[in-house]
Structure formats: structure tokens, C-alpha cells
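Subject: Handing over a structure, with notes

Dear colleague,

I am passing on the structure below, together with some notes for someone who has not seen it before. Please keep it open while you read.

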Amino acid sequence: MQSLTPANDVRRKDDKTGYVTPMGELPSVTTIIGETASEESKRRLEQWLKKPNAAKESALACKRGSWMHEQIENYLQGKPVEKHLAFGGYLDSILPWVKENVIDPVGIECPIWHPMGFSGTFDCLAHLVDDHVDDLTLLDWKSSRTRRSDDLVYGYKLQLAAYRLGLSHTYSVTPNKAMLVIGRPSATKPDIWEVNEEELDQLEVQFIERLQRYQNELSPVQ
């Protein structure tokens, strides 16, 4: 399969809450999932945000994630991979797995949208070493100091299901598997969750329910 050509009619909004698409401005997958999170999840987030160093930690995590994504992208495109004194452990955890498993990246950091009313950018679509010849795996890279909680992992899986749905519309490609790969600074291997086609189908239905609730109850544009 040839590499995807990123959709040039989709661009991210400056405030990073969504994308400008052929259908106009659409909210991002992460915005929709965040706004429709459970009350318990929102309560925990509010409590964490009250910590004295919360803003600084959040900004650092965003910077770390952007740097790690950039280095993985550099590797997949045959460019030099940089070193980082503070963030290097996260990359050391995840990059060996990428080198061992990703044999043919088809799309990297490509935008998606869907007329149901959402948009976003997926991390990587690729053939993996253990895939059958026609298989495609949707990959999402994350970084975390600690093992992610079940509700956060569930949210990440919802993202993958939404991106798969967006891929089907934007590029007419539907991967039959997804993997969440989380780099950990003190671990020799990343934390990995594989999501098969059946689970992706179930998560897609759940995401659509969340999307409809967002549109009916939470969207700033009614």
C-alpha cells in the first residue's frame, strides 16, 4: 500500500480545540472525550489541577510528549533522533519497540475528520512485523511517569476508535487493529495495549454516543 497523502483541506485551529475542515470548524476527538468524561474523572482532574505545581507539570508533560512524538517521527522518516537529558528515558523505553515492530509506516501525524462532526490527528498507521500482508495497525504514542489508570486507558482506546472512523472517511482506509504504546522513563519496555477489530467496533459505538451527547448537551455551538 502506498503512503497516505495528508489531507490538505484540514488544518488545526490555533487554540487546538479542533480543526477547520471542508465541513467548517469541528471539535477534536480529545475535546469530545474530555468534555464527556465521567463526573468522577472530572473530579479527579479538578483535584489534581489544585496541586501547587499542576500547571508546571502539565506544561512539562505537553513538552515531553511533543518532543517524544517528534523523535519517533524522525526515526520513522529516516532522520536523526535527538537526545534529551530530562526526556530521554521515555524515548529509550519506546523507541526499541518501534524499531523492532514497525516495518512500513503508511501515515504519520495525518489529520482526519468525519461529517458526523469530529476531527483530529492520528500518530501513525503502519504495517507491523507480525501483521498479515493486508493488515494495518493504528498506533498511538503516549508518555507517562506512572502506569496509566483504567479510565485513562479507556479514553485513549476511545481516541483510537474515533481516529479509525475518521481514517475510513478521510482516506478510505480502515485499520483492523490498534495499539496504545506508552513510554515509561524507568521501564525497559513501554506499556502496551492491543485493541482488536471487535473491540474497536464496540468502542466506535461508544464514541459515537459520546459525540452525540457532546453535540446535544455540551457543544458551545447549539
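How many bridges join strand β2 (residues 18-21) to β3, and do the two run parallel or antiparallel? Before the answer, please note that this is a predicted model, in which local features need pLDDT of at least 70 and side-chain atom pairs count only at pLDDT 80 or more, while totals for chains, interfaces and linings use all residues. Residues are numbered from 1 along each chain as its sequence is written, and side-chain values use heavy atoms, with hydrogens and water left out.

To return to the question, β2 and β3 run antiparallel and are joined by four bridges, and within this pairing G18 stands opposite P27 of β3. Strands here are DSSP runs of E with at least two residues, and helices are runs of H or I with at least four, both numbered from the N terminus; two strands pair if DSSP finds at least two bridges between them. These strands belong to an open sheet of three strands, ordered β1-β2-β3 with antiparallel pairing, in which β1 (11-12) and β3 (24-27) are the edge strands, each pairing on one side only.

The next part concerns strand β7. Seven of the seven residues of β7 (residues 177-183) are buried, so the strand is largely enclosed by the rest of the structure, where buried means under 20% relative accessible area, exposed over 50% and partly exposed in between, with a 1.4 Å probe and protein chains only. Both of its faces are covered, with K177, M179, V181 and G183 buried on one side and A178, L180 and I182 buried on the other.

Strand β6 (residues 137-143) runs parallel to β7 and is joined to it by seven bridges, and K142 stands opposite I182 in β7.

C110 counts as buried at 1% relative accessibility, and C124 is buried with a relative accessible area of 0%.

With best wishes
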